[in-house]
Amino acid sequence: MTAHLLTELTIFILAVFVGLEVISKVPTTLHTPLMSATNAIHGIVLVGAILVAGAADAPFVPVIGFVLVLLASLNVFGGYTVTERMLQMFRPRPQAPKPPADQP
Amino acid sequence: MPAADTTPASLVDVAYLVTAICFIFGLRYLSSPKTARLGNRISAVGMLIAVVATLAQGIVNWWVIGSALAVGAAIGIVSAQRVKMTAMPQMVAIFNGAGGGAAALVAAGELLKVYGANGTPTYDVSFTSMLSAVIGAISFAGSIIAFLKLQEVMTGRPITYPGQQVVNAAIALAILVCWGMVVANAPNAIDYFWVALAASFALGILFVLPIGGADMPVVISLLNSFTGVAAASTGFVLGNNVLIISGALVGASGTLLTVLMGKAMNRSVTNVLFGAFGAVKPAAAGAAAKTRNVRSVSADDVAAMLAYANEVIVVPGYGMAVAQAQHSIRELADQLEKKGIEVKYAIHPVAGRMPGHMNVLLAEANVPYTSLHDMDDINPEFERADVALVVGANDVTNPAAREDKDSPIYGMPILNVDKAHNVVVLKRSMASGFAGIDNPLYDDPKTVMLFGDAKKSIDGIVAGVKAL
C-alpha cells in the first residue's frame, strides 16, 4: 500500500464517522427522503464517469462511455428530483386543505 | 500513484472540497423536516459545482458526454416527477442500481486504460478497481431484482431452491480468485476482470432473489450502502477525494439504516440476507390451520365505532400502500377531527417496503408529520385509545411476537394495538401475511375485521361517518 492510499483511507474513515454522526440525527419520519438524498449523493460517481469517458485516451468505444455517463446522470437528476418531490410534501400543518385525490 | 494525481488543476480540488462540504450540510439539514428541502438544494448545488469543475478540466468526447448527460437528466427528471409515491421504493432502487453500474464501469474504464497502454496497474489501482467493480456490479444487479420484485414484475416472495447458499458461496469464491489474479497481475488479467464482473452481476441477482416482502427495507438500505462503498472505491481508483468522501457518507448512511431495520425486526442482518423466513414457513403454516374465531363487520359498524370514540390510532402497513388508501385515510381523519376526535398515526420502523415508507405516503396525503408517531412514543398511548385502526399491517401488530416463544417473530418489537379498547383490522382476506405467520390479534374478542380493498373499505367508513 502506498502512502497516498493510506491518506485516502484516512479521509474515507473520517468521512464515515462524519456520516454516522450526521445521519444518526435524522428523524425516522425522514428516512425515505434520507435514502433518496444519499442516493442522489452517490451520483457523484458522475464525476468519475465524466473523467473516464472524457479522457483523451478513453479506453471505451463511445457507446460504453455514453452508457456510463447516462447511468450516472440518471442517478443524479432522478435522485435529486425524487428527494425534492418527497420533501415538499412534509408539512407541520397543512396550509390549504386539498381534495384528497388531487395529487398523482 | 493514481493517474489523476498528475492533473495540475488545484482549483478543481478546491471545488471538490466545497462539494464535500455541501453534501455534509445537506445531510445535516435533513435532521428536521423544516430545513430538509434547503439541505437537498445545498447538496444539489454541491453536485453542480463538482460536475461543472470536472467538465471544465479539458474533457474530450464532448458529444458523447453532453448527450448522455442530457438523456440521463431527461429520463431521470421525468420519471422522478411522474412516479407515484407508492412506487417510491422501486424508483429509489433503480436510481441506486444506476449509480452502482456507473461505479463498476468507471473502475473497468480505469483498468482498461492501463491494460490498453500495455501497462501494469499498481496494486492500489488493481485492488480498488476490483472492489469498485465487484460491489458496483452486485449493487446494480441486486437493485434491478429489487426493482422487479417491488414493481411486482416478478413475485415479491422469496425465491429459494436447494443448495442456494452453496451456489452463492461458490460464486463468491470465484470472484475472490479472479480478484487475486488481477491484483497479482496474472497473464490475461483482463479476462479475470471480466469474469469477476460477470460473476458479481450474477451474485447480485442471486443474493436478492431469496429475500422478499417485509425484508425489502433491509435490502434496499444495504444496496444503498453498497453503491456508496462502490463510489468511494472509484474515488481510490481515480485519486479523487470528493468521490471518497461522498461514498463514505452514503455507505455510512446505508449501513446505519440497515442495522436500524434489522433491529426493528429483532433479526441480525445476516439472518435477513440468508433467508431464514423461507425456512420457517412450513412450520408456521401448520400452526395457522387451527380454527379461527374472527368477527367480520361492515363499514357502517366501523363508522359508528369511530364516530363515538375519543381517541383513534391509525396503524398503516404495506396494504395501505398497495391500495393507495392514504388519501382516504386522511379524509377519514378530517371527518373524525371535525367531531372532536383525536387521530394519531403509529408508524412501525419496518412498515412498508423501505425505511420511512409510511411517513412519505401520509405526507403525500397532507397528513401533518406532527401527527405521525414512532413505535416507542405511541406504544404507551394504545391503552388510552378507544380504537386502533389497522390498515393493511400484519406482522408488526402481532402480539405473538411479544408472548409466544415459539413464534418465528418472537422478540420483534411490535405496535401494541391489542392494548387498545377496540381493534379494527382492515385486510383483503384472511390469507396470512408475507411471512405466513399466524396473528392471534384476529381472534381477540375485542378485534373486528373489515375485509376488502383498504381504500374501498375506508371510503365506505367515511361515507358512514358522514351519514351519522
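**Helix pair between the chains**

I noted that α3(A) passes α4(B) in a left-handed crossing (left-handed if the near helix is turned anticlockwise from the far one by less than a right angle, right-handed if clockwise). Helices here are DSSP runs of H or I with at least four residues, strands are E runs of at least two, and both are numbered from the N terminus. This is a predicted model, where local features need pLDDT of at least 70 and side-chain atom pairs count only at pLDDT 80 or more, while totals for chains, interfaces and linings use all residues. Residues are numbered from 1 along each chain as its sequence is written, and chains are lettered from A and ligands numbered from 1 in the order in which they are written.

I then looked up the axes of α3 (residues 45–53) of chain A and α4 (residues 88–116) of chain B, which come within 9 Å and cross at roughly 35° (axes are lines fitted to C-alpha atoms, for helices over the stretch in contact, with angles from 0 to 180 degrees between N-to-C directions).

For the residues that meet, I listed V45(A), G48(A), A49(A) and V52(A) on one side, and G99(B), A102(B), A103(B), V106(B), G109(B) and E110(B) on the other (contact: C-beta atoms, placed from the backbone, within 7 Å).

**Chain B as a whole**

I found 18 helices and six strands in chain B. The C-alpha atoms of chain B fill a box of roughly 80 × 50 × 35 Å along the principal axes. Of the contacts in chain B with a separation of 6 or more, 79% join residues 24 or more positions apart.

Key
Contact = placed C-beta atoms within 7 Å.
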